[in-house]
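Dear colleague,

Please find below the structure I am handing over to you.

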Amino acid sequence: MDLYELVRGPLAVAAFAVLILGSLYRALSMIKVGKKAKMLYPQASISGGLRSILHHLLPFGASYMRARTVFTVITFLFHMAVIILPIFLMSHIVLWFESFGFLWWELSKPAADTMTAVVVIACLFFIGRRLFVSEVRQVSSASEYLLPILILIVFLTGFCASHQWGPYRPMLIFHIATSEILIALIPFSRLMHMLFFPFSRAYMGAEHSRVLGAKDW
Amino acid sequence: MSFFNRKFKFIGWSLLCLLLQTGTAFAQEENYVLAHQDVFGKMQRPAVHFPHAAHEEALSDEGCGACHHVFDEQVKKLVYTEGEEQECKTCHGLKPAGTSPALREAYHKSCTGCHRLKKKNIEKSGPTTCGECHPKK
């Protein structure tokens with residue numbers, strides 16, 4: 001089989017299947033663990049939980065963000081670009097159309113290039129931060145270095161393939177293959193915060209809110 | 001005798017010239033540059049160099065109807081009528097119209113769709129990736 005067809009077809013389906021089934025598995029195991037705990041949370045407050053989610057979704061909405069201006073700006077731009085770019089990139093939309101026959105709104109090329117630059121700069125910043133800021137280095141595991149490196153590779157190879165820099169076909173195949181590894185890793189790595197962040201945030205906010213009257217933001 | 005011979009030769013050559021001339025007038029270009037700034041405005045990707053003659057040869061079994069079609073209002077179907085071959089952009093525009101896809105999607109569906117199908121059936125095929133049809137010069 002043609003290598004491009006392999007990564008573009010069956011492996012893409014496999015990556016999304018791992019993402020969906022893996023996320024379901026993680027969510028169900030989390031519910032199971034939650035049910036096992038024989039604990040009462042009399043002090044838990046729903047509004048405190050919701051307010052905590054909201055505050056952590058807003059730029060400079062939490063005190064740790066206000067204390068780190070550069071980090072906050074970079075992390076918010078990074079998260080917007082890393083989600084918006086793959087979904088609204090024209091080349092990706094053309095592939096979705098090829099497979100399923102529907103289309104949606106697309107980014108212009110300059111906008112896509114800017115977002116790629118944002119992701120690349122942010123990944124370098126995150127890796128540098130883990131390497132050189134001692135309090136961050138102490139809580140960093142190997143996977144937390146590898147994930148931003150993988151994201152960096154995915155976006156750089158995507159940029160090179162799009163601009164036809166370097167050997168085009170191998171670059172494109174490598175871009176798709178590494179993206180699929182990244183997608184399949186989501187349920188089994190720190191990237192699971194994509195789905196789990198509202199729960200950990202709500203828990204923290206709810207715990208601190210009623211009795212302590214404290215804000216966790 | 002030789003006079004008649006020369007006369008027939010002259011008529012024969014004239015007819016042949018006329019035939020060749022008409023032939024050239026209706027023959028297809030070998031290659032087309034597909035860019036269509038008139039439809040798309042500013043191009044997002046480099047132009048496609050489409051080898052028409054190579055496709056005629058490769059699709060000789062399927063015939064011209066493999067790509068060329070018109071929408072028949074009565075049977076509500078795409079049909080091929082010989083001698084009525086038109087450019088894609090005659091009907092397909094910037095935006096889709098009803099069930100008729102936009103020009104970009106019409107091209108991608110016809111070109112990439114056919115190339116991928118042929119690859120799947122392990123037949124002689126064309127490019128399937130973005131940059132192979134839209135190469136940067």
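Buried area is the accessible area, taken with a 1.4 Å probe, that two parts lose on being put together, summed over both. Please note that this is a predicted model. By that definition, chain B and chain A bury about 1800 Å² between them, with 50% of it on carbon and sulfur atoms. On the chain B side, B:Gln44, B:Arg45 and B:Arg116 lose the most area to chain A, together 32% of what that side buries. The contact involves 19 residues from chain A and 16 residues from chain B.

Between the two chains there are 4 salt bridges, and 9 residue pairs are in polar contact across the interface. Helix H4(B) gives the most to the side of chain B that touches chain A, with 6 residues. By class, that side has 2 nonpolar, 7 polar and 7 charged residues. One salt bridge joins B:Glu132 to A:Arg169 at 3.0 Å, N to O.

Over all chains the structure holds 13 salt bridges. In one of them, the closest N and O atoms of A:Glu144 and A:Arg190 are 2.1 Å apart. A:Glu144 lies in helix H9 of chain A and A:Arg190 in the loop between helices H10 and H11, so the pair ties together parts that are 46 residues apart in sequence. A:Glu144 is buried at 8% relative accessibility, whereas A:Arg190 is exposed at 52%.

In chain B, the side chain of B:Lys118 forms salt bridges with B:Glu62 (2.8 Å, N to O) and with B:Glu123 (3.3 Å, N to O). B:Lys118 is buried, at 13% relative accessibility.

Yours sincerely

Notes
Residues are numbered from 1 along each chain as its sequence is written. Chains are lettered from A and ligands numbered from 1 in the order in which they are written. This is a predicted model: local features need pLDDT of at least 70, side-chain atom pairs count only at pLDDT 80 or more; totals for chains, interfaces and linings use all residues. Side-chain values use heavy atoms; hydrogens and water are left out. Contact means heavy atoms within 4.5 Å. A polar contact is a pair of N or O atoms within 3.5 Å; within protein, one must be able to donate a hydrogen and the other to accept it, and residues adjacent in sequence count only if both atoms are side-chain atoms. Helices (H or I, at least four residues) and strands (E, at least two) are DSSP runs, numbered from the N terminus. Ala, Val, Leu, Ile, Met, Phe, Trp, Tyr, Cys and Pro count as nonpolar, Asp, Glu, Lys and Arg as charged, and the others, Gly among them, as polar. Buried means under 20% relative accessible area, exposed over 50%, partly exposed in between (1.4 Å probe, protein chains only).
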